Amino acid sequence: MYQQIKELSEKYYTETINIRRNIHKYAERGWLETRTACMIATKLDELGYEVLTGKDIMNKDDRMGLPHERVLQLNDRRAFKEGVNEKYFDKVKSGMTAVAGIYKNGQGPTIALRFDIDALGLIEDTSSQHFPYKEKFSSCHLEAMHACGHDGHTAIGLTTAKILMNIKESIHGTIKLIFQPAEEGVRGAKCIAESGFLDDVDYIFAAHIMPQVADYDLYLGMNESFATTKLDVIFHGVSTHAAESPQFGKNALLSAANCILNLHSIPRNSDGQTRVNVGTVHAGTSRNVIPETAKLEIEVRGVTTELNRYMEMYARDIINASALMHDTVVEINEMGKAYALECDKDFMTQIRSLCQQHLNDLKLPKENLSPLGGSDDFSYMMARVQAHGGKATYMKLLTPIKSSPHNTTFDFDESVLKKGPRIFASIAYYLMK
Ligand SMILES: [Zn+2]
Ligand SMILES: [Zn+2]
């Protein structure tokens, strides 16, 4: 069977590349993946999966960091013009862009696979050395680019779905293929986890395309990920004439300025690594007016969930104190959140023995874990499954990468689109045979 899975991944390789390039070309940012979601739902439907979308698998109110309503509407209009399956359009529009394919075959474990589908807010490189531009599949959407490989993840997910349908009589239990929106900014996983969709899952796994180390193909898990909280902070003051009556104003910009400096003064913590960053500040309207509003986009991180909590609590105290200093009112909006990743050792051991027995042309490093160094809200799904007694891991799919992730010249070697579906489908079969 493992040989058959390998042959199928080779047979569908060209098709997988075409799917990846199509998604890459029509890159859509978090919560705006209307066209992408319709395409995924259509393909899963054609393959024979039960298709769940939008409110079937998401808690609408647990979506974090949603764009403005007007942006959602304009984006839906664009997706409609570009061609979407009307059967799914109404279900996924307005930021309800999660999709899942379900297949059930009698008794057996319930397994879930996660694939993230969103792009980043970058303007893609248009130089002749950039492969997607040269091959005419670079993004046609302004300020949206697949620069983290999620186009590849989605294509890998759809081909995995196709391979599993080819061997459906040989797998027993329930498969849930989850296509998650808005991973960037760690915004999209929570609403799926909170919906309860994962509560019966015995095994959940995902993988991220990552730069190749030595000539390894796969890491079975990740550590050294950051738990993180993303906050928008808005100080509301009172504007007034800067010379004639400054004493009647309440200066939002001064609250923000004190806040910025003091956030960067949060003490280090001897329990482990922490991070804080104020990424943007927008304040004031005019030179001679006391600034009425000031907005900061900030993030804190900690290498454990506890350390992130320490950073977040400290940051909230500083934000509130900064408002008090200048008598402004502060609004704090949580825009994204992720826990630290905790991969299950015995699940990784199971996958290693599968690889040793049946996928022995793949090269694995001796150690299971490799540092993530960033954050991924897949941790929300993992934690939810683990809290209900299930097992979880988050792997690295290694392939040569041009430039670095989140860069306008990012590109990955497409050979991973053959390896990825083979690994995912083999693990699924191994758990359900
Ligand atoms: Zn990313
Ligand atoms: Zn990513």
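**Figure 1. Helix α11 in the predicted model**. Helix α11 comprises 14 residues, 345-358. The distance from its first C-alpha to its last is 20 Å, close to the 20 Å expected at 1.5 Å a residue.

**Figure 2. The buried side of α11**. Phe347, Ile351 and Cys355 are the buried residues of this helix. These residues span an arc of only 80 degrees around the axis, so they sit on the same side of α11.

**Figure 3. The opposite face of α11**. Exposed residues are found on the face turned away from the buried side of the helix. Asp346 and Thr349 belong to this set, as do Ser353, Gln356 and Gln357.

Figure 4. The chain contains 13 helices and 15 strands. Its radius of gyration is 23 Å, close to the 22 Å given by the globule rule for 433 residues, and the chain is therefore as compact as a globular protein of that length. Along the principal axes, the C-alpha atoms fill a box of roughly 80 × 50 × 45 Å. Buried residues make up 52% of the 433 in the chain. Among contacts with a separation of 6 or more, 83% join residues 24 or more positions apart.

Terms used:
Residues numbered from 1 in each chain as written. Chains lettered and ligands numbered in written order. Predicted model: local features only at pLDDT ≥ 70, side-chain atom pairs only at ≥ 80, totals over all residues. Helix = DSSP H or I, 4+ residues; strand = E, 2+ residues; numbered from the N terminus. Rg over C-alpha atoms; globule rule 2.2 N^0.38 Å. Buried ≥ 20, exposed ≤ 12 C-beta atoms within 10 Å, placed from the backbone. Contact = placed C-beta atoms within 7 Å. Expected span 1.5 Å × (residues − 1). Arc of directions from axis to C-beta.
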